[in-house]
Amino acid sequence: MILLLMNSAIEISKDIPGLEIEQLHIDPLPFINTDLEVNGRFPEAVETFRAKVLEADSILFASPEYNYSISGN
């Protein structure tokens, strides 16, 4: 269901001039581990994700809900 809602938001945004939604997946991101930081940089997947977030004007988070809580994944 959540995927359908996100895809609908992306489709709707195509009709709004100047609005663009880019879907970012967190699958390639490692679990948080400060030991991964080397010389002030994290793995490339983290740095790429961070750059996308920093360049965004706003962020739309979408996450499935299970038993009135967030997913354990």
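Where is I59 found in this structure? I59 belongs to the loop between α2 and β1. The structure is a predicted model, in which local features need pLDDT of at least 70 and side-chain atom pairs count only at pLDDT 80 or more, while totals for chains, interfaces and linings use all residues. Residues are numbered from 1 along each chain as its sequence is written, and side-chain values use heavy atoms, with hydrogens and water left out.

The overall plan comes next. The protein contains two helices and two strands, and these elements follow the order α-α-β-β from the N terminus on. Helices (H or I, at least four residues) and strands (E, at least two) are DSSP runs, numbered from the N terminus. Confidence is expressed as pLDDT, the predictor's confidence in each residue, from 0 to 100. The protein has an average pLDDT of 85, and 88% of the residues score at least 70. Confidence is highest in α2, at a mean of 94, and lowest in strand β2 (residues 69-70), at 66.

The accessible surface of the protein amounts to about 6,700 Å², and carbon and sulfur atoms account for 58% of that surface. Such areas come from the Shrake-Rupley method with a 1.4 Å probe; for residues, only the protein chains shown count as cover. Of the 73 residues in the protein, 8% are buried. Here buried means under 20% relative accessible area, exposed over 50%, and partly exposed in between (1.4 Å probe, protein chains only).

Two buried residues may be visited in the helices. S13 is located in helix α1 and counts as buried because its relative accessible area is 4%. Leaving out residues up to four places away in sequence, S13 touches L19 and I21; contact means heavy atoms within 4.5 Å. E47 is part of helix α2 (residues 44-55), and its relative accessibility of 12% is why E47 counts as buried. Beyond its neighbours within four places in sequence, E47 is in contact with G40, R41 and F42.

N39 sits in the loop between α1 (2-13) and α2, and it counts as exposed because its relative accessibility is 77%. N39 is not a glycine, yet its phi is positive, at about 55°. Most residues other than glycine have a negative phi. In the loop between α2 and β1 (65-66) lies F61, which is exposed because its relative accessible area is 73%. I59, found in the loop between α2 and β1, is partly exposed, with a relative accessible area of 46%.

Both of these residues can be related to earlier parts of the chain. I59 and I21 are 38 residues apart in sequence, and their C-alpha atoms are 9.0 Å apart in space. F61 and L24 are 37 residues apart along the chain, with 9.9 Å between their C-alpha atoms. Among contacts in the protein between residues at least 6 apart in sequence, 27% join residues at least 24 apart.

A pocket is an open set of points on a 1 Å grid over the protein atoms alone, where a 1.4 Å probe fits, with protein on both sides within 12 Å along at least five of seven lines; lining residues have an atom within 4 Å of a point. Residues lining the second largest pocket include L29, P30, F42, V46 and R50. The lining divides into eight nonpolar residues, two polar and one charged. Ala, Val, Leu, Ile, Met, Phe, Trp, Tyr, Cys and Pro count as nonpolar, Asp, Glu, Lys and Arg as charged, and the others, Gly among them, as polar.
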